[in-house]
Amino acid sequence: MATINTDKLVIGTVQLGKRYGVTNFFDKPTKKKAYNILAYAYQNNIKIFDTAPSYFSEKILGDFISAHGIKNDIKVLTKINSI
């Protein structure tokens, strides 16, 4: 099986903060489920996360990063609202 290069993969976090997407029929995941998703990505060498204030996922992402002491090992991409 071929190896997948994950250096440029980015995990979008909008579904961690609010109901969003065509397959999200219920609501945002619990904190535990969100942490499991983020941990799975990180353990599989996906270390770039996309967020924005309108996603409402910045706190859960920040809490996860702090709890796991990985702030120097990942990149967080974010956006700002129109100025």
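## Charges

In the charge count used here, Lys and Arg are positive and Asp and Glu are negative, while His and the chain ends are not counted. Each charge is placed at NZ of Lys, CZ of Arg, CG of Asp or CD of Glu. On that basis, the mean positions of the 12 positive and 6 negative charges of the protein chain lie 3 Å apart.

## About the model

Please keep in mind that this is a predicted model: local features need pLDDT of at least 70 and side-chain atom pairs count only at pLDDT 80 or more, whereas totals for chains, interfaces and linings use all residues. Residues are numbered from 1 along each chain as its sequence is written, and side-chain values use heavy atoms, with hydrogens and water left out.

## Fold and overall shape

The protein chain has 3 helices and 3 strands, where helices (H or I, at least four residues) and strands (E, at least two) are DSSP runs numbered from the N terminus. Read from the N terminus on, the order is β-α-α-β-α-β.

The C-alpha trace spans about 40 × 30 × 25 Å along its principal axes. For 83 residues, a compact globule would have a radius of gyration near 12 Å, and the 13 Å of the protein chain agrees with this. That radius is taken over C-alpha atoms, and the globule rule is 2.2 Å times the number of residues to the power 0.38.

## Surface and contacts

About 6,300 Å² of the protein chain is accessible surface, and 57% of it belongs to carbon and sulfur atoms; the areas come from the Shrake-Rupley method with a 1.4 Å probe, and for residues only the protein chains shown count as cover. Of the 83 residues, 30% count as buried (buried means under 20% relative accessible area, exposed over 50%, partly exposed in between).

Taking contacts (heavy atoms within 4.5 Å) with a separation of 6 or more, 67% come from residues 24 or more positions apart.

## An aromatic pair

Rings of Phe, Tyr and Trp (its six-membered ring) pair if their centres lie within 6.5 Å; planes under 30 degrees apart count as stacked, over 60 as edge-to-face and the rest as tilted. This rule gives 1 aromatic pair. Tyr 35 and Phe 64 form it edge-to-face, at 5.4 Å centre to centre with 80° between the planes. The pair links distant parts of the chain, 29 residues apart: Tyr 35 sits in helix H2 (residues 31–43) and Phe 64 in helix H3 (residues 58–68).

Tyr 35 is buried at 17% relative accessible area, and Phe 64 is buried at 2%.

## After strand S3

Asn 81 lies in the segment after strand S3 (75–77) and is exposed, with a relative accessible area of 54%. Asn 81 and Ala 52 are 29 residues apart in sequence and 8.6 Å apart in space, C-alpha to C-alpha.

Definitions and conventions. Buried < 20%, exposed > 50% of the residue type's maximum accessible area, 1.4 Å probe, protein only.
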